[in-house]
Amino acid sequence: MPNAFESLSTPELEEAVAGLEAKARELRAQGLSLDMARGKPNPEQTALARPMLDVLTSQSDLTDGAAIVDNYGTPEGLPSARRLAAEILGVSEDNVIVSGSSSLNLMHDLVTHAFTNGVGGCEPLCRQGRVKWLCPAPGYDRHFAVTAHLGMENVAVPLRDDGPDMDLVQELVEGDASVKGIWCVPKYSNPTGITYSDEVVRRFASLRPAAPDFRIYWDNAYVVHGFSGVDDELLNIFDALEESGARRLAYEFGSTAKVTFPSSGMAFVAADEQDIAEVREAFAVERVSPEKLSQLAHARFLKDLSGVRSHMERHAAIVAPRFALVEEKLAGGLAGLGIASWTRPHGGYFVSFDGPEGSARRIVSLAAELGVKLTPAGATWPYGKDPRDSNIRIAPTYPSLEDLSCALDVFVLAVKLVSARMALEGRGAQA
Ligand SMILES: Cc1ncc(COP(=O)(O)O)c(C=O)c1O
């Protein structure tokens with residue numbers, strides 16, 4: 001679709017820019033202070049889990065099967081918490097460790113373990129020289145930060161509608177022994193919201209890496225976070241691995257951060273028998289045992305997968321209108337102009353937006369000037385470098401509907417004004 005601003009005559013374009021600038025001045029005068037930067041549940045959502053705080057009292061039975069909750073022990077997590085986590089991920093509870101309140105911490109711990117001690121009996125990565133990590137992009141900035149922080153080389157791989165470009169992933173993983181890992185958010189991906197197709201999952205399971213210490217970091221953060229009534233189906237990575245006869249290839253992560261309370265949820269990791277035994281040993285050095293009171297409260301509150309699903313339906317009822325509003329505002333303001341595209345996810349926490357090439361930084365900075373904070377442009381790429389400078393992550397869950405509506409009006413105006421200015425500047429350059 002042609003860029004509507006580029007199709008205008010120069011006087012028409014100048015008039016359009018002037019009109020949009022006048023609207024921007026009006027918005028600036030309102031002194032807004034709105035935030036669409038990070039994927040956080042809003043207070044209505046966290047309130048859904050408040051009854052969990054009443055589950056444990058001074059009178060509660062603090063045993064869980066044979067496990068004692070109010071003392072050290074059970075380093076792999078309480079039996080009821082492991083059962084719950086295993087059900088959420090669709091794996092056997094023997095293959096799960098529940099520990100800590102943040103899955104990102106567990107990912108960081110395992111990358112660090114690979115770095116300092118090595119994986120599967122291999123030399124620690126810190127002694128192997130150059131280490132590369134594949135980063136499907138657009139992706140989750142905090143994943144990229146973990147590997148960049150340890151000096152590993154983050155290599156961007158295009159993320160398509162059905163998952164990462166698997167021809168490229170296969171070529172790199174099977175052809176280059178310095179490739180040691182890949183970050184994946186296989187369901188309701190952060191930020192595009194896509195879910196990997198069965199074929200992509202099977203191709204992951206069929207990888208035969210050049211490096212024996214290569215692992216897939218399968219971050220299933222949004223496994224139960226559908227909000228649209230159409231829940232995407234993700235093929236179970238461990239079932240696919242079994243089918244392909246591969247072992248020791250993936251760590252799967254999850255947490256209840258966006259089920260109960262961010263930073264006070266319950267986090268878990270699953271892996272095959274040998275890998276999970278190694279993870280257990282590695283964790284034993286850092287912690288005597290995990291936060292079992294929180295685990296007990298979670299297991300008694302959520303009970304099982306069907307309890308989680310019904311709780312998540314209540315989240316969906318709160319979140320769905322926000323995503324509907326994003327679609328309404330973006331379609332209402334930008335459809336047909338040929339300057340933008342965006343995703344329409346069935347779940348997760350984000351909408352991924354693309355403006356004209358070279359526009360993202362300018363849009364984010366103009367929106368900030370008008371009082372709306374967005375995720376920094378480029379954050380969805382390794383090292384903050386979006387090669388097209390076009391991608392912006394929209395996080396609509398935290399603001400109230402009223403604030404979100406206002407923030408989206410500002411965003412749409414910023415996209416139009418930057419696009420119109422760029423069309424005019426392009427004309428100046430041609431003259
Ligand atoms: C893909 C992904 N993984 C992990 C996290 C963080 O999860 P946790 O709070 O369990 O560390 C987020 C939070 O936004 C996320 O988007």
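Q: Which residues do ring pairs link into a cluster here?
A: In this predicted model, the cluster joined by ring pairs is made up of W133, W183, Y217, Y251 and F253.

Q: And how many aromatic pairs turn up in the whole structure?
A: Searching the whole structure gives 13 aromatic pairs.

Q: OK, take W183 and Y217. What's the geometry?
A: Their ring centres are 5.3 Å apart and the planes sit at 70°, so that pair is edge-to-face. The cut-off for that label is over 60 degrees.

Q: Where do W183 and Y217 lie?
A: W183 is in strand β8 (residues 179–184), while Y217 belongs to strand β9 (residues 215–219). The pair therefore ties together parts 34 residues apart in sequence.

Q: Are W183 and Y217 buried or exposed?
A: Buried, both W183 and Y217.

Q: Switching over to F227 and F323: how are those rings arranged?
A: They're stacked, because the planes are at 25° and under 30 degrees counts as stacked. The centres of F227 and F323 are 4.2 Å apart.

Q: What parts of the chain does that pair link?
A: Distant ones: F227 is in the loop between β9 and α8 (237–244), and F323 is in helix α11 (residues 305–334). F227 and F323 are 96 residues apart.

Q: What's the relative accessibility of F227, then?
A: F227 is at 11%, so it counts as buried. F323 has a relative accessible area of 7% and is buried too.

Q: New topic: which ring does the charged end of K40 sit over?
A: That of Y398, at 4.5 Å from the ring centre.

Q: And R287?
A: The charged end of R287 sits over the F283 ring, 4.4 Å from its centre.

Technical notes: Residues are numbered from 1 along each chain as its sequence is written. This is a predicted model: local features need pLDDT of at least 70, side-chain atom pairs count only at pLDDT 80 or more; totals for chains, interfaces and linings use all residues. Side-chain values use heavy atoms; hydrogens and water are left out. Rings of Phe, Tyr and Trp (its six-membered ring) pair if their centres lie within 6.5 Å; planes under 30 degrees apart count as stacked, over 60 as edge-to-face and the rest as tilted. Helices (H or I, at least four residues) and strands (E, at least two) are DSSP runs, numbered from the N terminus. Buried means under 20% relative accessible area, exposed over 50%, partly exposed in between (1.4 Å probe, protein chains only). A charge sits over a ring if NZ of Lys or CZ of Arg is within 6 Å of the ring centre and within 35 degrees of the ring normal.
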